[in-house]
Amino acid sequence: MKKFKKYIKAFELGLQSSMEYRANFALSLISSVFPMIMQIFLWTAIFFNSNDQKILGYDYVHMISYIIIASIINKLVSTGFEWDISEDIRNGGLNKFITRPIGYFSYRVFSFLGSKIMQLAIVSAILAIILTIINSNFSLGINPARILLFLLSILLALLLNTFLCILFSSAAFWMTENWAAFIFMNLLTQFASGGLFPIDILGKRFMRLLDFLPFKYIVYFPTNIINGKLQFEEIFIGIALQCAWIAATIALGKIFWKIGMKKYIAVGG
Amino acid sequence: METLKKALKTLKRYGFIYLIFIKNCLVRQMEYRANFFLSLLLECCFLGTKLIYTFLISSTDVNLNGLPSESIFIFTGSFLLMTGFYMAFFYFNFSNIKEYITDGSLDLFITKPISLQFMTTLRYVDFSTMIPNFIGGIIILAVGWQKSGVEVSFIKIAGYIGYLISGVIIAYSVMLAPQLLSFIIIKGYALGEIADALWDSNSMPMTIYSRPIKILGTYIFPLFILSNFSSLFVLDKLGAVNIIWGIIAPILFFFLVRLMWKNIIKRYSSASS
């Protein structure tokens, strides 16, 4: 328990830091509403002017509910601490962790989760209200079992995104100009996770390609659990695959981190 | 006559300084060529995702509240061109403002014998983000122009370029305003996120939005002038009121942002020293 105490402190520090910039958080929340509004108006215009009930495999209710839920989940599971890790590697901030009895990997995860907890609470409350409204107006077939599996998948999606973030951050050991790699990975994650639009509208061939990557389990999969698009069997398989991808990213992250640490020359210390 | 001469002389001086800014930026970017090409490659990726979405929307073959589906290419082309302008000439300058305030660079700029607003908001020019958006924008615009059957006439091209210039002035004025909040909210990245989100809301035809949003985005916070007006003009869908508003708005909002800047600078007190 004593060994664990330092990570609780890291969690608390992350929480304190997030509470310091409350205005920033509120503005960041507002900024995520604009793309969602644009998408809702766009797809409403498309469905309103079309004679077909279904477009690209989606009816109006499922398309709009996907856009709303996916936008919120996208915010919920977002990370972004790869820049801090990269700074630590490049400027020698990692030095102090080498000499101290604390694991850098775990410190970062706990500090991030601490900074995320307030955001998680507020965004989850917003999501709960929105889901209640959507379900009462369009009856998506949300039931307690689906809600539980949805919550579990969100938690796993957050962990998966966190470990992917750590995995990508290790690029800083080899690349001095790693900003491009980070922006590219963010773009790829945004696009392939289904955070911008439902990725299955791009066709079966594209979906088959995504089956071999972890990204669709970050936004697309949790959204379709609550959206009612997935059957229970598909949900259980998806959750198992989420766990498998988390294990794989942790293992890969540790391997890359270990190799990277051998290369680390503690510049700036 | 004397005033006009003086104004022309000042304009010439600032034009010369701006050319030096451009030259310096080009030299700097060519010095770090790997960075330049990485940035170019990244912008191509962003462009790719935008194009995938455009093709997806046009594949539905549905008209967007009075606009044929193929006209989406004209809107995307115009949006990309405007993004090229914005990213090249304004984006990095605007997002650097908060850095200038926190690290004290702004204090140094104040002492220079040149307009502080000019120095702060136009100092950097980025070529790597401009090139892909310009090339992609022109190609997509040409495809949309041809697919929509728009005649190639002097009036259409001149009007299009005119509203594009009007969009550039609006981009400067409207996108600078939220960044000026950096003077009040010192820390944070969310202002940039809001500015980016607002910019992207212009990527689709304004006809998709409800009446209140259209009014808000055209007359109060005129984002739709950025790339929608030029596209609507060539499609003969702009309307008489907006044809005139598209000419007045850039002048009006430029002066408004100038006033805002002057006011904020008057209250500015150095944070770093």
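**Exercise 1.** In this predicted model, determine what end-to-end span helix 4 (residues 60-76) of chain A should have, and how its end C-alpha atoms compare with that value.

*Solution.* Helix 4 of chain A has 17 residues. The expected span is 1.5 Å times one less than the number of residues, which gives 24 Å for this helix.

**Exercise 2.** Describe the largest nonpolar core and the surroundings of A:L42.

*Solution.* The core comprises 160 residues. Those with the most contacts inside it are A:L42, A:W43, A:F150, B:F90 and B:F183. Helix 3 (residues 72-103) of chain B contributes the largest share, 16 residues. Apart from neighbours within four places in sequence, A:L42 touches B:Y53, B:I57, B:L64, B:M204 and B:I208.

**Exercise 3.** Characterise the interface between chain B and chain A by its area, its polar content and the elements of chain B that supply it.

*Solution.* First, the area: the chains bury about 3000 Å² between them, 80% of it on carbon and sulfur atoms. B:L42, B:Y53 and B:L56 supply 18% of the area that chain B buries against chain A, more than any other three residues.

Next, the polar content: there are 0 salt bridges and 4 residue pairs in polar contact.

Finally, the elements: helix 2 (33-59) and helix 8 (190-200) of chain B each supply at least two residues of the side touching chain A. Helix 2 of chain B gives the most, with 12 residues.

How values were computed
Residues numbered from 1 in each chain as written. Chains lettered and ligands numbered in written order. Predicted model: local features only at pLDDT ≥ 70, side-chain atom pairs only at ≥ 80, totals over all residues. Heavy atoms only, no water. Helix = DSSP H or I, 4+ residues; strand = E, 2+ residues; numbered from the N terminus. Core = buried A, V, L, I, M, F, W, Y, C linked by side-chain atoms within 4.5 Å. Buried < 20%, exposed > 50% of the residue type's maximum accessible area, 1.4 Å probe, protein only. Contact = heavy atoms within 4.5 Å. Buried area = accessible area lost by both parts, 1.4 Å probe. Salt bridge = Lys/Arg side-chain N within 4 Å of Asp/Glu carboxyl O. Polar contact = N/O pair within 3.5 Å; in protein donor to acceptor, adjacent residues only side chain to side chain.
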